[in-house]
Amino acid sequence: MYKNIFDSHAHYTDKAFNDDRENMLGSLKESGICGIINCGADLESSKESATLSAEYDFMYFACGIHPEEVDNLPSDYLDTLKALSKDKKCVAIGEIGLDYYWRQDTKDLQKELFEKQILLSKELDLPIIVHDREAHGDTMEILKKHRPKGVLHCFSGSPETAAEVLKLGMFIGLGGALTFKNARKAVEVAEMLPLDRLLLETDCPYMAPVPMRGKRNNSGYIPFIAEKVAEIKGIDPQSVLDVTTENTKKLFNIK
Ligand code: NI
């Protein structure tokens, strides 16, 4: 039985949890979960994340606009995010970034939105949670320009890109994809990554690790990811959980 498990990236405001959200979250502490960061993806889910995290002592949240949500933002969205960030459970701006897989059509708008939210995070002295899908070049260019604190969540880049992320002082988040059969790149990243720069995450309800692949994900599945990292690194899974929890608390300034 594992303990001291921190899920650095979850979406419990997703409708996939509408039927049993309270039961699910209520049971997590018994499964050894000590912390969760619930991530917003637009203004509505950011507000919902604030409300939900107020109900659970182990839950924190990030507020931000995901690149897929770049259309139809109200002109005062930065003010709304700023107001949300004053909540004592708000620990980051996220998730923010670039997604050229789903949205090839809005590259310039995405870059502008990403940079504005990075500047906000710097003004507020908060780390960022970065989403980068098929946009490694532009993501790295923007991160090098602004040098924010933060994590590249669900990292899908090469070991070479990971080395650049480390040079910037940022963290790398790995989740269920590391356990998939075709996870060659993620395994290589886990091999080269110093343990003190790794965060574990579910991105639930998506990305459930093997042997739960395809099911609805939840923070109770983090140990499957820790076991995979432990196998790659040749250490025991509880040590992986302990060090990644410490890393998460350090990055997000959680006492
Ligand atoms: Ni996410």
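**Reading a nickel site, its core and its cysteines**

Modeller: Let's begin with the core: of the 65 residues in the largest nonpolar core, the ones touching the most other members are Tyr12, Ile36, Phe114, Ile128, Leu143 and Leu200. This is a predicted model, where local features need pLDDT of at least 70 and side-chain atom pairs count only at pLDDT 80 or more, while totals for chains, interfaces and linings use all residues. Residues are numbered from 1 along each chain as its sequence is written, and side-chain values use heavy atoms, with hydrogens and water left out.

Biologist: How should I read a nonpolar core?

Modeller: In soluble globular proteins, nonpolar side chains tend to be buried together. A core here is a set of buried Ala, Val, Leu, Ile, Met, Phe, Trp, Tyr and Cys residues joined through side-chain atoms within 4.5 Å. Buried means under 20% relative accessible area, exposed over 50%, and partly exposed in between (1.4 Å probe, protein chains only).

Biologist: Which residues does Tyr12 touch?

Modeller: With contact meaning heavy atoms within 4.5 Å, and leaving out residues up to four places away in sequence, the partners of Tyr12 include Phe17, Arg21, Ile36, Leu52, Met59 and Cys204. Another core, of 14 residues, lies apart from the largest one, and Phe6, Cys39, Ala62 and Ile129 are among its members.

Biologist: Now the metal. Which protein atoms are donors of the nickel ion?

Modeller: Donors are N, O and S atoms within 2.8 Å of the metal (3.2 Å for Na, K and Ca); water is not among the atoms, so sites may look incomplete. For nickel they are His9 (NE2), His11 (NE2), Glu95 (OE) and Asp203 (OD), at 2.0 to 2.2 Å. Along the chain, their spacing is H-x1-H-x83-E-x107-D. Both His9 and His11 are buried.

Biologist: What is the geometry of the site?

Modeller: Ideal angles at a metal are 109.5 degrees for four tetrahedral donors, and 90 or 180 degrees for six octahedral ones. Here the 4 donor atoms make angles of 86 to 174°, and the site is irregular.

Biologist: How many disulfides does the structure hold?

Modeller: A disulfide is a covalent bond between the sulfur atoms of two cysteines; the cut-off is a pair of sulfur atoms within 2.5 Å. The structure holds 0 disulfides.

How values were computed
Tetrahedral: all angles 85-135°; square planar, octahedral: opposite > 155°, others 65-115°.
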